[in-house]
Amino acid sequence: LESSCILAFTNADGQITYANDKFCEISGYQRNELLGQTHAIVNSGFHSAEFFADMWLTISEKKVWAGDVCNKRKNGTLYWVAATITPMVGVDGKIEQYLAIRHDITQRKTAEQTAIYSARLASLGELSGCVAHEINNPVGVIQGKAHQLLRLIQSEKFAPEKVTEQLEKIISETDRVAKIVKGLRSFSRNGEKDPFQSTNIDAL
């Protein structure tokens, strides 16, 4: 374990009582800087409060918790670990300490993020021709209606109802373009932390 894992023991309150060399190496902290601290010292802020609440609830019930955690080094850079936290129970049935066994998975996480980003770019590239077509259609209508409107205004047969008709068409087409652009923005943004909501799939 010492040679292959990032190890730490904490007391029942979560204060670090032991940190091996690999923990010091990956975190950038000296051992004396880690001892007596909680793992909040390497908290990156990536995970929600609910994430850690679930972890503490699990181990406080004397169950093993496992998950991927994003931590922060002393120099501010991030690293990922696959962590397993095991509560160690004394003869009286009470938790005496916790053992955290972790493996560095930063390269794997980086590769996953790169793959996701590349896939998103590839999908966007495939959509570009379709999107150009969808946008060019209403833009062409807008240009045509604008020219008709200009001729109507400049002609001697100026009719307000005709002007209104052309303006309504222009507004309709600009709304269509705005909807396409909004869809693109929704597609390109990161929605990992968006809340889920129930919906009627038939209506959708």
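**A surface patch and the salt bridges**

Author: Four residues, Tyr117, Leu121, Leu124 and Leu127, make up a nonpolar patch on the surface, and together they have about 370 Å² of accessible area. The area comes from the Shrake-Rupley method with a 1.4 Å probe, with only the protein chains shown counting as cover for residues. Members of a patch have over 30% relative accessible area and no salt bridge; nonpolar side chains (Val, Leu, Ile, Met, Phe, Trp, Tyr) are joined within 5 Å and like charges within 9 Å.

The model is predicted, so local features need pLDDT of at least 70 and side-chain atom pairs count only at pLDDT 80 or more, while totals for chains, interfaces and linings use all residues. Residues are numbered from 1 along each chain as its sequence is written, and side-chain values use heavy atoms, with hydrogens and water left out.

Leu124, one of the patch residues, belongs to helix α4, which covers residues 106-154. Helices (H or I, at least four residues) and strands (E, at least two) are DSSP runs, numbered from the N terminus. Leu124 has a relative accessible area of 33%, so Leu124 is classed as partly exposed. The classes are buried (under 20%), exposed (over 50%) and partly exposed (in between), with a 1.4 Å probe and protein chains only.

Side chains of opposite charge can pair when their charged atoms come close. Such a pair is called a salt bridge when a side-chain nitrogen of Lys or Arg is within 4 Å of a carboxyl oxygen of Asp or Glu. The structure has nine salt bridges.

In one of them, Asp68 pairs with Arg108, and their closest N and O atoms are 3.0 Å apart. This pair connects distant parts of the chain, since Asp68 is in strand β3 and Arg108 is in helix α4, 40 residues away. Asp68 has a relative accessible area of 26% and is therefore partly exposed. Arg108 is partly exposed too, because its relative accessible area is 40%.

A salt bridge also joins the side chains of Glu112 and Lys109, at 3.9 Å from N to O. Glu112 is partly exposed at 33% relative accessible area, whereas Lys109, at 14%, is buried. Asp68, Arg108, Lys109 and Glu112 belong to one network of salt bridges.

For comparison, take a pair in another helix. Lys169 forms a salt bridge with Glu173, with 3.5 Å between the closest N and O atoms. Both are in helix α5 (residues 160-188), four residues apart, so about one helical turn separates them. The value for Lys169 is 35% relative accessible area, which makes Lys169 partly exposed. Glu173 has 6% relative accessibility and so counts as buried.

The loop between α3 (49-60) and β3 (65-72) contains Lys62. Phi of Lys62 is near 65 degrees, a positive value in a residue that is not glycine. Most residues other than glycine have a negative phi. With 47% relative accessibility, Lys62 is counted as partly exposed.
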